[in-house]
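Please read the points below alongside the sequence and the model. They run from the annotated region to the pairing of the chains.

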2 protein chains.
Amino acid sequence: MATPHEPKQDRSRATRQRLLEATIDCLAETGWAAATVSVVAERAGVSRGAAQHHFPTREDLITAALEFMFEFRMDQAKAEAETVNAVAQGEGRTRAVVSALVESYTTPFFKAALQVWTHAAADPALRERILPLEARFGRISHRRAIEALGVDDSDPVTHHLVQATLDLARGLGLADVLTDDSARRKLIVDQWAATLHTALNLSH
Amino acid sequence: MATPHEPKQDRSRATRQRLLEATIDCLAETGWAAATVSVVAERAGVSRGAAQHHFPTREDLITAALEFMFEFRMDQAKAEAETVNAVAQGEGRTRAVVSALVESYTTPFFKAALQVWTHAAADPALRERILPLEARFGRISHRRAIEALGVDDSDPVTHHLVQATLDLARGLGLADVLTDDSARRKLIVDQWAATLHTALNLSH
């Protein structure tokens, strides 16, 4: 229901989103040390006071940016699953699922998250703050991959091979941080999709 | 041949090694920002002047520490391959090779290297400096894995599955940075080794 407060709330939401997007860009392009509330506010074209109203501390900003990336990625994964289910069958479907999953680890989102994880490794307070987020992200990513592949997670072989596929994707993401690894990555993805398809004993 | 200069050279070598070990410890425990020449020198019990004699810049110190980790890891991989070849056959051997490889990505060395890679992602000068090292490390790690598995790298399926195993190891290493992931990791390694063994069509 429309209220006289809505336009102000909309502006506030838009400001919040601009700050989160600027945080991700700062982290991915200039690294952890440069991603402070004031640098992010400037990049977003938001006053420092307004930025601090939304995110009183740098940790609040960083945690909210991780949550934002997570929600965006899960929406994207859902859309990918629908597309893949509509167009591909058999090994082609497995390859499309593995490829989309792996490519999601080569985005600015992954590069931004890597800056946060690596900093959190030596910062116990930040680490405690992001661990619950990471656990939830891991569980939901796994469930989305299971759904996209159309397999039965109660089978331990299936469960562990899908987990391994997520771990492989993370490793391929890390390999892409310093160089463009896309040509090599395509060959790895094609081979792993073929091996995974056989090992999962998929016929559909 | 002993010369009057040797004791001094020995001391110099020992100082250099202490500095490199302290660099790795600093990076792994306290992260990139804290690993400066003066902090490392203090940790190593070396004067700042002596540290700067060995490593004029922080970049010199960091690059040398990466090289040191790399040489150590390659010596370790060679020793592992000899042990594995002596004790295990069949799938057990494949599992032992994969397990040793993966565990090497969960050490303080990996955690230290991750700090450097992540910082280098947003520091072009450091990135240019470590890329040749990383390329050499990748090539030799691959060759060592091929030798340990006793497989033929000229077969493209073999080549790409061994590459995928190294990428998986990197991903599992990253998953261990914020939490102790060892229990989950063991299940993934066992399943990957079984699937790899079948896919490589190994009978020995």
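1. Helices (H or I, at least four residues) and strands (E, at least two) are DSSP runs, numbered from the N terminus. Over residues 13-73 of chain A, the chain is 80% helix and 0% strand, with the end C-alpha atoms 19 Å apart. An unreviewed UniProt entry annotates this stretch as "domain: HTH tetR-type"; such annotations may be inferred rather than shown by experiment.

2. The model is predicted, so local features need pLDDT of at least 70 and side-chain atom pairs count only at pLDDT 80 or more, while totals for chains, interfaces and linings use all residues. Residues are numbered from 1 along each chain as its sequence is written, and side-chain values use heavy atoms, with hydrogens and water left out.

3. Helix H2 of chain A (residues 37-44) has Val37(A), Val40(A), Ala41(A) and Ala44(A) as its buried residues (under 20% relative accessible area, 1.4 Å probe, protein chains only). They cover an arc of only 100° around the axis, which puts them on the same side of H2(A); the arc is that of the directions from the helix axis to the C-beta atoms. Just after H2(A), Gly45(A) takes a positive phi of about 70°.

4. Thr94(A) is found in helix H5 (residues 90-103) of chain A and is buried, with a relative accessible area of 2%. Beyond its neighbours within four places in sequence, Thr94(A) is in contact (heavy atoms within 4.5 Å) with residues including Leu149(A), Ala193(A) and His197(A).

5. Chain B can be laid on chain A by a turn of 180° and a shift of 0.0 Å along the axis, with an RMSD of 0.0 Å (least squares on the C-alpha atoms of residues with pLDDT of at least 70 in both). The two copies are thus related as by a two-fold rotation axis.

Definitions and conventions: Chains are lettered from A and ligands numbered from 1 in the order in which they are written. Buried means under 20% relative accessible area, exposed over 50%, partly exposed in between (1.4 Å probe, protein chains only).
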